[in-house]
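Please consult the sequence and the structure shown here while reading.

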Amino acid sequence: MAQGKIVAGFVAPHPPHLVYAENPPQNEPKAEGGWEPLRWAYEKARKSIEELKPDVLLVHSPHWMTLVGHHFLGVPRLSGKSVDPIFPNLFRYDFDMAVDVDLAEACCAEAQGLGLTAKMMRNPNFRVDYGTITTLHMIRPQWDIPVVGISANNSPYYLNIDEGTAQMETLGEATRRAIEKSGKRAVLLASNTFSHYHFHEEPDTPEDMSKEHPQNYHGYKWDMRMIELMRKGQIREVMRLFPEWVEEAFAEVKSGAFPWMVSAMGYPDVPAELHGYGTVIGTGNAVMEWRLAA
Amino acid sequence: MAIVSAFLMPGNPLPFLQRGNPPWGAIAAGADRAAAALAASKPDVLLIYSTQWIAVLDELWQTRPHSTGLHVDENWYEYGDLTMNVRADVDLAKACIAAASAAGIRSKAVDYDQFPIDSGTIVANGFLNPDASIPAVIAANNLYHDFAGTEHLGRIAAEQAALQGKRAAVIAVGGLSASYFDHDINIAEDRIFDDAADSANRALLDAMTQGSDALQAALPDFNCATKGDMGMKHLGWVLGATGGFTGATVHSYGPTYGAGAAVVEFHL
């Protein structure tokens, strides 16, 4: 068996507004559009997935937050209706996903081997979080590639940013080891917004783009600074600044998906491609790709 | 005020799902006593605030007439499924939405099939109102509301219940100290995370037994001594809705994977 590899990693944020605005048949609410630049960014990412032909998509979502360890979806097929508890007016989505349980178990075992608390989620009635679903829909709406779903352990908030980030980087190392042993071509998805300052009231028409702009200029400037570093391939500098970015931009990357992904990719010095950037209720969202293999 | 009873209930589902485990069974036994007290107060409606129903845009209020279905907690899924069986007092919830909006707290109704009502609300309702015969007004925990703002919300809910001539029971769903064990433990030996948290919890519960003034005086020390659940805003809901209480009975107190949990009946 050939050694498996991570063929690409994406920052793939999960505002449910993007699914809502696209009007896919799975989602009950209907929109007049909105957030087009971000949705066009995802169109580019979808083309990349088409070219890469991965065997599996691995997604780390901040909206499956777990207290005791790092959890992995461990049921072969999960389906149901996901109603977003925060934006139920926008996201009521019928999902049906195939889970790569073998790879999930391998990631879990590797994580345990590296000293992390890690668990398999075996409850067939489990309702997958909207962050996981949104990211997967936006990156591959056909739902024809098996998935490994990973929770966001609460350690960056419960312990401190350094300890929490270290755990996520260890989880990334475990993920890479499991992928290499699997023989599979894998794509990693960090389901994170960048600056997470947002408005506290929703416009009467959520997709009214005349109301959409960065909520916080300082957060926006941080996002641009970090994106520029990523575009230059300076991921080590990004990680050196990571705690400051999290603190000053209230960045959602704190929840762990980003350090998990860059650690799994071995802190690549290849320039990232920015597919697009835009705000959703004032938060900063970038769709970015690190292409590691053809 | 039309408030006929008031309770603090834990939101962690472990005592509900696994009452056979002694540390959690003791908490559940206290919840049974609270259920009897609630029934004796003969409420027309429950006014529920749960720290686990998170909102970030606007204040959300449940208006689905009858919410049913299975709910699996994202953390404690291995201990079993929860059954949603929650009825809303739609008229009163809509009155709360209007009153809160008029008071400058932008509010919205939530009426969606399969909306994931939070574990805390399901568990508290399951303990106190298992057949869902008493309808409820359920308010979300907007992360950007502070303690005083939550008191205000509680006051609005109670005022609206009074205007409709309804006997209301106030249910605050949340924990005490929030520090928990972040690794696997022997659940039969569950305990409060550390002595500091245990002492802080006991001091806060003691203050509750002395009345609302004592509770308010004790909260700053509690918040210094330990990290409380969501800034203890659920107690703001109790204070606002009841307008104060004279004492309390602590029906049970114990750990939920290290975090503090208690069932308390407030005396009005």
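Chain A and chain B bury about 3100 Å² between them, 53% of it on carbon and sulfur atoms; buried area is the accessible area (1.4 Å probe) that two parts lose on being put together, summed over both. This is a predicted model, in which local features need pLDDT of at least 70, side-chain atom pairs count only at pLDDT 80 or more, and totals for chains, interfaces and linings use all residues. Residues are numbered from 1 along each chain as its sequence is written, chains are lettered from A and ligands numbered from 1 in the order in which they are written, and side-chain values use heavy atoms, with hydrogens and water left out.

**Interface of chain A and chain B**

- Of the area that chain A buries against chain B, 20% comes from A:Leu67, A:Arg127 and A:Tyr158, more than from any other three residues.
- Chain A brings 38 residues to the contact and chain B brings 34 residues, where contact means heavy atoms within 4.5 Å.
- Between the two chains, 16 residue pairs are in polar contact, both residues at pLDDT 80 or more. A polar contact is a pair of N or O atoms within 3.5 Å; within protein, one must be able to donate a hydrogen and the other to accept it, and residues adjacent in sequence count only if both atoms are side-chain atoms.
- On the side of chain A that touches chain B, strand E2 (56–66), strand E4 (77–83) and strand E6 (118–121) of chain A each supply at least two residues. E2(A) gives the most to this side, with 4 residues. Helices (H or I, at least four residues) and strands (E, at least two) are DSSP runs, numbered from the N terminus.

**Salt bridges between the chains**

- The interface of chain A and chain B holds 4 salt bridges, a salt bridge being a side-chain nitrogen of Lys or Arg within 4 Å of a carboxyl oxygen of Asp or Glu.
- A:Lys119 forms a salt bridge with B:Asp184 at 2.8 Å, N to O. B:Asp184 lies in the loop between strand E8 (168–173) and helix H6 (195–209) of chain B and A:Lys119 in strand E6 of chain A, so the pair joins two chains.
- A:Lys119 also meets B:Glu78 in a salt bridge, at 3.5 Å, N to O.
- A:Lys119 is buried, with a relative accessible area of 14%, whereas B:Asp184 is partly exposed at 45%. Buried means under 20% relative accessible area, exposed over 50%, and partly exposed in between (1.4 Å probe, protein chains only).
- A network of salt bridges links A:Glu202, A:Asp204, B:Asp58, B:Arg106 and B:Lys108.

**Salt bridges within a chain**

- Over all chains, the structure holds 29 salt bridges.
- In chain A, the side chains of A:Glu237 and A:Arg240 meet in a salt bridge at 2.8 Å, N to O. Both residues lie in helix H8 (residues 235–249) of chain A, 3 residues apart, about one turn of the helix.
- A:Glu237 is partly exposed at 26% relative accessibility, while A:Arg240 is exposed at 55%.
- In chain B, B:Arg202 and B:Asp198 form a salt bridge at 3.1 Å, N to O. Both are found in helix H6 of chain B, 4 residues apart, about one turn of the helix.

**Aromatic residues**

- The whole structure contains 21 aromatic pairs over all chains. Rings of Phe, Tyr and Trp (its six-membered ring) pair if their centres lie within 6.5 Å; planes under 30 degrees apart count as stacked, over 60 as edge-to-face and the rest as tilted.
- A:Tyr93 and A:Trp143 form a tilted pair, 6.3 Å centre to centre with 50° between the planes. A:Tyr93 lies in strand E5 (residues 92–98) of chain A and A:Trp143 in the loop between helix H4 (130–139) and strand E7 (147–153) of chain A, so the pair ties together parts that are 50 residues apart in sequence.
- A:Tyr93 is buried at 0% relative accessibility, and A:Trp143 is buried at 17%.
- B:Trp53 and B:Phe115 form an edge-to-face pair, 5.6 Å centre to centre with 65° between the planes.
- One aromatic cluster is formed by A:Phe194, A:Phe242, A:Trp245, A:Phe258 and A:Trp290.
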